[in-house]
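The following note is intended for a colleague who is meeting this structure for the first time. Please read the numbered points with the sequence and the model in view.

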Amino acid sequence: MNYEAVLAGLPDAVIAVDASLRIVFWNSAAEVLTERSARRAEGRFVKEMFPPDASVVRRLAETLSTGESRSEAEALVERPDGRQVPVSIVTAPLFARAGTVEAAVAVLRDLSRIRQLEAEVRRGETLAAAGRMAVGLAHEIRNPLGAIRGAVQLLSRELSGEPRLREYTDVLLTEVDRVNRIIETLLDLARPVQLRLVPLNLHQLLERVTLLHEEGCRERGITLLRSYDPSLPPILGDEDRLRQVFHNLVRNAMDAMRDGGRITLTTRVSLNPLFGKMDLGVGQRSMVEAKVADEGAGIPEAAQGRIFDPFFTTKDRGLGLGLAICHRILEEHRGAIQVESTEGRGTVMTCFLPIAK
């Protein structure tokens, strides 16, 4: 058996060093994790590839000096662009026939996928709790609100000969209707989503969305760009619900660019390691990606983990329910939504949707 080929094919990063901490093996998973090629890494000292105080460097050095394995439940690996990836580390010694330690190997497991899945579970629990709260609030508020609306309508009729006073009753009715719309939005988090799943052309759906926003974009100096995969297969989805999702994402992108810029819509078959294939209850199904990218102010890093939470918003106005509802709709499609954002450079919202078979 070719053991080197086995190690090369492992999903976890495997890095082997000799007694002088010079790298002798760097598998393909290590290339993906660190974004550094094996050709560049092998033959160099491990301190040249990682900061000298990095956990992986220290653990390998300890294993070489003691001949004992070391482990770390969570550490960080820094990529060339400065991004840090959470990993678990296990090191082990490799002995020569004489019993001396001649090398050491480190196995690094990328924890970012696990963190993403944990975040998805927490988000789903938060949405469920918000939905239950919304149902209770709706019942408590709607009855007195209905009585208020009826009383205002009667008062309006009584004041039919007083145009100045009728203005006040018109304001009251408008505000009561606005509260009712807020309640309806809240209930969207609680109601079971009834989906009419059919094969859809995602590009046609996106074009219907952009058509409604083109004039608004033109007024704000925003250019709408498309980068569509012409061979994209049909997706399985509910057209009305998905239009709601992309309307919200495009509108958010427009709001983020007060000084103009570009919004880019991108589609492709997903190669994402976490969401590229999803279990829809009838086995694994491949997914497509639909990205909405803007060149706006970006989302503060501290807020990125909360933007799908109900009632959380970075805007001056708004309830903070739009992205929570988008998350709910995509979850009901057995899909997902992800955010990548850099302050001052913009935001990319990626929707994962199942391919129709």
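1. Leucine 21 sits in the loop that joins strand E1 (13–18) to strand E2 (23–26). Helices (H or I, at least four residues) and strands (E, at least two) are DSSP runs, numbered from the N terminus. Although leucine 21 is not a glycine, its phi is positive, at about 65°. Leucine 21 counts as buried because its relative accessibility is 13%, where buried means under 20% relative accessible area, exposed over 50%, and partly exposed in between (1.4 Å probe, protein chains only).

2. The model is predicted: local features need pLDDT of at least 70 and side-chain atom pairs count only at pLDDT 80 or more, while totals for chains, interfaces and linings use all residues. Residues are numbered from 1 along each chain as its sequence is written, and side-chain values use heavy atoms, with hydrogens and water left out.

3. Glutamate 35 also has a positive phi, of about 60°, without being a glycine. This glutamate 35 belongs to the loop between helix H2 (28–34) and helix H3 (38–41). Its relative accessibility is 40%, so glutamate 35 counts as partly exposed.

4. For the chain as a whole, the secondary structure comprises 11 helices and 13 strands. Of its 357 residues, 43% are buried.

5. Helix H8 (residues 202–220) contains 19 residues and reaches 26 Å from its first C-alpha to its last, close to the expected 27 Å; the expected span is 1.5 Å times one less than the number of residues. At histidine 213, H8 bends by about 45°, the bend being the angle between axes fitted to the seven residues ending there and the seven starting there. Buried residues in H8 include Leu202, Leu206, Val209 and His213. Just after H8, glycine 221 adopts a positive phi of about 75°.

6. Which residues have the most contacts inside the largest nonpolar core? They are Leu202, Phe246, Leu249, Ile263, Val292, Ile307 and Met349, in a core of 40 residues. Among the elements giving two or more residues to this core are H8, strand E7 (222–227) and strand E9 (261–269). Helix H9 gives the most, with 7 residues. A nonpolar core is a set of buried Ala, Val, Leu, Ile, Met, Phe, Trp, Tyr and Cys residues joined through side-chain atoms within 4.5 Å.

7. Leucine 202 touches Leu232, Ile235, Phe246, Thr267, Val288 and Ala290, leaving aside residues up to four places away in sequence; contact means heavy atoms within 4.5 Å. A second, separate core of 26 residues includes Leu21, together with Ala13, Ile15 and Val56.
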